[in-house]
Amino acid sequence: MAYEVRGVVSRGRGEPVTVETVLVPDPGPGEAVVDVQACGVCHTDLHYREGGISDDYPFLLGHEAAGTVSAVGAGVTDVAVGDYVILNWRAVCGVCRACARGRPWYCFDTHNATQRMTLADGTALSPALGIGALAEKTLVASGQCTKVDPEAPAAAAGLLGCGVMAGIGAAINTGGVTRGDTVAVFGCGGVGAAAVAGAALAGARTIVAVDVDHRKLGAARHFGATHCVNAREEDPVAAVRAATGGFGADVVIEAVGRPETYKQAFYARDLAGTVVLVGVPTPEMRLEMPLLDFFSHGGALKSSWYGDCLPSRDFPMLIDLYKQGRLDLDRFVSATIGIDQVEEAFAAMHSGDVLRSVVVF
């Protein structure tokens with residue numbers, strides 16, 4: 001049996017997305033069907049629509065979601081029907097070389113559902129990040145379901161499925177921000193604002209938010225930024241140094257994904273500081289810098305995959321912090337929309353009007 005549901009489909013590079021009938025099969029061994037309650041519209045979805053990730057059209061968009069498990073396949077023991085879950089796109093295998101070394105957040109063989117969801121005519125869909133959650137139901141590997149406290153509303157909780165987790169994890173997990181550190185965040189959209197929140201949770205004493213939009217800087221201030229720098233109005237490298245005693249920041253997080261902002265992040269760090277790239281570049285981007293500068297500055301240059309998170313560890317912890325009032329997930333939700341408003345959400349994303357639009361089912 002297949003479930004007939006509505007889903008947001010991208011059929012070709014740059015073409016407007018459409019809401020179409022999607023057939024979701026019964027779960028097979030190791031799989032689960034989830035009734036999606038809410039799904040954020042992430043910049044990665046726009047990358048898929050624009051062909052920036054692959055050209056394996058048509059895509060079923062969406063990956064930043066929470067909902068309830070409605071069916072499970074044979075052998076599934078980690079979740080059960082009725083469980084309230086956040087979906088994740090790095091379901092660790094437990095046996096690859098990274099997992100075997102105790103580093104499952106680097107898992108090289110993450111699980112997706114084996115079966116494919118399809119259009120009504122049988123055309124196989126490529127689910128965004130192996131999830132495809134801009135739909136009323138979706139089919140995933142059971143390990144992509146992380147059980148959390150159902151008191152957290154889906155519109156907020158689901159954001160841990162990608163953007164918010166990526167930012168918080170870039171600060172805490174990848175950057176290793178700890179109490180007393182100085183931190184700078186370049187780009188204060190949803191991911192960058194979450195990096196600011198993560199740095200504040202970790203006890204950073206100075207957090208410099210850098211953006212070109214005063215609205216985003218205002219949001220960053222709410223999440224814990226101690227200094228805000230509009231890069232259209234002043235040199236961000238000089239401003240970060242001025243805010244950190246002239247030295248540069250211990251940890252600099254680049255949440256834009258562009259060569260020019262990466263260079264700024266590099267030169268805004270202290271000697272032996274850490275630069276974390278969490279912004280997603282496009283395939284054609286190139287970085288040219290003097291090799292001597294890498295040698296002379298020391299420190300670490302890191303990229304952050306999904307905030308180097310372990311969903312089973314991090315999602316429940318962050319939901320607990322949300323319930324305690326220490327992590328304002330609700331503030332990330334700029335607008336709740338219907339399934340037929342995703343194109344408008346992309347436009348709002350471009351204009352900087354939102355941190356995140358969330359489709360509520």
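Predicted model: local features only at pLDDT ≥ 70, side-chain atom pairs only at ≥ 80, totals over all residues.
Biologist: How many disulfides does a search of the whole structure find?

Modeller: A disulfide is a covalent bond between the sulfur atoms of two cysteines. To count as one here, two cysteine sulfur atoms must lie within 2.5 Å. For cysteine 39, the nearest cysteine sulfur is that of cysteine 42, at 9.0 Å. The number found in the whole structure is 0.

Biologist: Which cysteine has the sulfur nearest to that of cysteine 107, and at what distance?

Modeller: Cysteine 107 is buried, with a relative accessible area of 3%. Because a disulfide needs sulfur atoms within 2.5 Å, cysteine 107 is in no disulfide. The nearest cysteine sulfur belongs to cysteine 93, and the distance is 3.6 Å.

Biologist: Is cysteine 39 buried or exposed?

Modeller: A residue counts as buried when its relative accessible area is under 20%. The relative accessibility of cysteine 39 is 0%, so this residue is buried.

Biologist: What kind of aromatic pair do tyrosine 48 and phenylalanine 59 form?

Modeller: A pair of aromatic rings is described by the distance of the centres and the angle of the planes. For tyrosine 48 and phenylalanine 59, the centres are 4.9 Å apart and the planes make an angle of 65°. Because planes over 60 degrees apart count as edge-to-face, the pair is edge-to-face.

Biologist: How many residues apart in sequence are the parts that this pair ties together?

Modeller: Tyrosine 48 is buried, with a relative accessible area of 7%, and phenylalanine 59 is buried as well, with 1%. Tyrosine 48 belongs to helix H1 (residues 43-49), while phenylalanine 59 belongs to strand S4 (residues 59-60). The pair therefore ties together parts whose separation in sequence is 11 residues.

Biologist: Which residues do ring pairs link into a cluster?

Modeller: The search of the whole structure finds 7 aromatic pairs. Ring pairs join three names into a cluster: Tyr48, Tyr57 and Phe59.

Biologist: Which residues does the cis peptide bond with omega of about -5° join?

Modeller: Most residues other than glycine have a negative phi, and most peptide bonds are trans. With omega at about -5°, the bond joins tyrosine 57 and proline 58.

Biologist: Where is alanine 272, whose phi is near 65°?

Modeller: Alanine 272 is not a glycine, yet its phi is positive. The residue is exposed, with a relative accessible area of 56%. Its place is in strand S15 (residues 269-277).

Biologist: Which ring does arginine 97 lie over, and at what distance from the ring centre?

Modeller: A charge sits over a ring only if, among other conditions, the CZ atom of Arg is within 6 Å of the ring centre. Arginine 97 lies over the face of a ring, and that ring belongs to phenylalanine 108, with a distance of 4.0 Å from its centre.

Biologist: Which are the edge strands of the open sheet of 5 strands?

Modeller: The order of this sheet is S7-S2-S1-S4-S8, and its pairing is mixed. Within the sheet, strand S1 (residues 2-10) and strand S2 (residues 18-25) run antiparallel and share 8 bridges. An edge strand pairs on one side only, and this applies to strand S7 (118-119) and S8.

Biologist: Why do the buried residues of H7 line one face of the helix?

Modeller: An α-helix has 3.6 residues a turn, so residues three or four places apart point the same way. In helix H7 (residues 236-243), the buried residues are Pro236, Val237, Ala239 and Val240. They line one face because, seen down the axis of H7, they fall within an arc of 165°.

Biologist: What is the relative accessibility of glutamine 144?

Modeller: Glutamine 144 is placed in the loop between S9 and strand S10 (145-147). Leaving aside neighbours within four places in sequence, its contacts include Trp89, His111, Leu129 and Ile131. Glutamine 144 counts as buried, because its relative accessibility is 0%.

Methods: Residues numbered from 1 in each chain as written. Heavy atoms only, no water. Buried < 20%, exposed > 50% of the residue type's maximum accessible area, 1.4 Å probe, protein only. Phe/Tyr/Trp six-rings, centres within 6.5 Å; stacked < 30°, edge-to-face > 60°. Helix = DSSP H or I, 4+ residues; strand = E, 2+ residues; numbered from the N terminus. Lys NZ or Arg CZ within 6 Å of the ring centre and 35° of its normal. Pairing = 2+ DSSP bridges. Arc of directions from axis to C-beta. Contact = heavy atoms within 4.5 Å.
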